[in-house]
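This report describes selected features of a predicted model. Please consult the sequence and structure below while reading.

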Amino acid sequence: MSGDEGRAASRRWWDHDADNYQEEHGAFLGDVDLVWCPEGLREADARLLGDVKGARLLELGCGAAAGSRWLVGQGADVTALDLSAGMLRHARLAAERSGVHVPLVQADALALPFRTGTFDTVHTAFGAVPFVADSEALMREVFRVLRPGGAWIFAVTHPMRWVFLDDPGEGGLMAVHSYFDRRPYIEEDSAGVPTYIEAHRTFGDRVRELTAAGFVLSDVVEPEWPPGHEEVWGQWSPLRGRLFPGTAIFVARRPSTT
Ligand SMILES: C[S@@+](CC[C@H](N)C(=O)[O-])C[C@H]1O[C@@H](n2cnc3c(N)ncnc32)[C@H](O)[C@@H]1O
C-alpha cells in the first residue's frame with residue numbers, strides 16, 4: 001500500500017469512527033488526563049515525560065487531546081496534532097467543556113509542519129505509529145522536529161499481541177498468526193479500496209527503526225493489568241491482561257550531540 005493510500009484510509013476511518021471512539025472510550029480517557037493505555041497507566045503516576053514545566057511538547061495522533069490538556073496544567077507548552085478532522089472536532093468540544101485550550105493541528109505524522117528542532121518532547125498514546133505503513137519514516141520525522149537531547153515516548157499495542165485474534169475473551173488466548181509476518185492488517189470496501197490499516201513490527205523491528213533514525217532507547221514499559229480494573233477496551237481485558245502484556249511504551253531520546 002502506498003503512503004497516500006494509507007493516509008487516505010486512516011483519515012476516512014478515524015473521521016468515520018470519531019464519535020463512536022469518544023462514546024466508547026471518552027469517559028475512561030477523561031477530558032483532562034494523560035492515560036497511556038487500556039491498562040489505565042496515567043502519566044500522573046508514571047512520569048515517563050519527566051518534568052515538563054516550560055517544555056515545548058508535541059502530541060501526535062492526539063484524538064480528543066485529553067493528554068495535551070493535562071500537560072498544560074503541568075506547565076508545558078503543548079501542541080496537539082491529528083490526521084482526522086473528526087477526532088479534532090472532539091478535541092475542540094472537550095476544550096470548550098474543560099476550559100483548557102491547546103493549539104490543534106491537522107496534519108500527517110509523516111509530514112510534520114514544524115521546523116527542525118522545534119520540540120523538547122514528542123509523545124503519543126496509540127496515535128499514528130500503528131497506522132502508518134512506513135513507521136521507519138515516522139521515526140525519522142519525529143527525530144527531525146526534536147531538538148538535540150529531546151525525548152520521544154510512544155505507546156503502541158505490544159508486538160506479541162499480533163499472534164492472537166482481536167478477542168478479549170478465551171478466543172484471544174490462542175496463538176494463530178505468525179509473529180514474524182509483517183504484512184499489515186488491511187480492511188477494504190467492496191471496490192477493493194483500503195478502509196483501515198494497522199501495521200505490525202516485532203520488538204526487534206521497533207528497536208532497529210528507532211536506532212536507525214538516530215534515537216537512543218532508554219526504556220520499554222510493559223504496563224501490568226492492575227488488580228480490580230475490569231474495563232474491557234477492544235481486545236484488552238482483565239482475562240488477557242493477567243497473562244501477557246497488551247501495551248509497550250517506548251522511551252527514547254535524540255542524543256544531545258546530533
Ligand atoms: C487509537 S486513536 C488514539 C487517540 C488518542 N491518542 C487516545 O489515546 O485516545 C489513533 C489516533 O491516531 C490518529 N492517526 C492515525 N494515523 C495518523 C497519522 N498518519 N498522522 C497523525 N495522526 C494519525 C487517528 O486519527 C486517531 O486520532
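## An open strand and its partner

S8 is paired with strand S9 (residues 247-253) in the antiparallel sense, and 5 bridges join the two. Within this pairing, valine 221 is placed opposite isoleucine 249 of S9.

## The shell around the ligand

The ligand has 21 residues around it, of which Trp14, Gly61, Gly63, Ser84 and Ala109 come nearest. By class, the shell around the ligand holds 13 nonpolar, 6 polar and 2 charged residues.

Helix H1 (3-29) and strand S4 (119-125) each contribute at least two residues to this shell. The most are given by H1, with 3 residues.

## Packing of H1 against H4

Two packed helices are described by the angle between their axes and the distance between the axes. For H1 and helix H4 (residues 85-98), the angle is about 35 degrees and the axes are 6 Å apart.

On the H1 side, the contact is made by Trp14, Asp15, Ala18 and Gln22, which meet Ala85, Gly86, Met87, Arg89 and His90 of H4. The residues of this contact comprise 4 nonpolar, 3 polar and 2 charged.

Definitions and conventions
Residues numbered from 1 in each chain as written. Predicted model: local features only at pLDDT ≥ 70, side-chain atom pairs only at ≥ 80, totals over all residues. Near = placed C-beta within 6 Å. Helix = DSSP H or I, 4+ residues; strand = E, 2+ residues; numbered from the N terminus. Nonpolar A, V, L, I, M, F, W, Y, C, P; charged D, E, K, R; others polar. Pairing = 2+ DSSP bridges. Axes fitted to C-alpha atoms, helices over the stretch in contact; angles between N-to-C directions. Contact = placed C-beta atoms within 7 Å.
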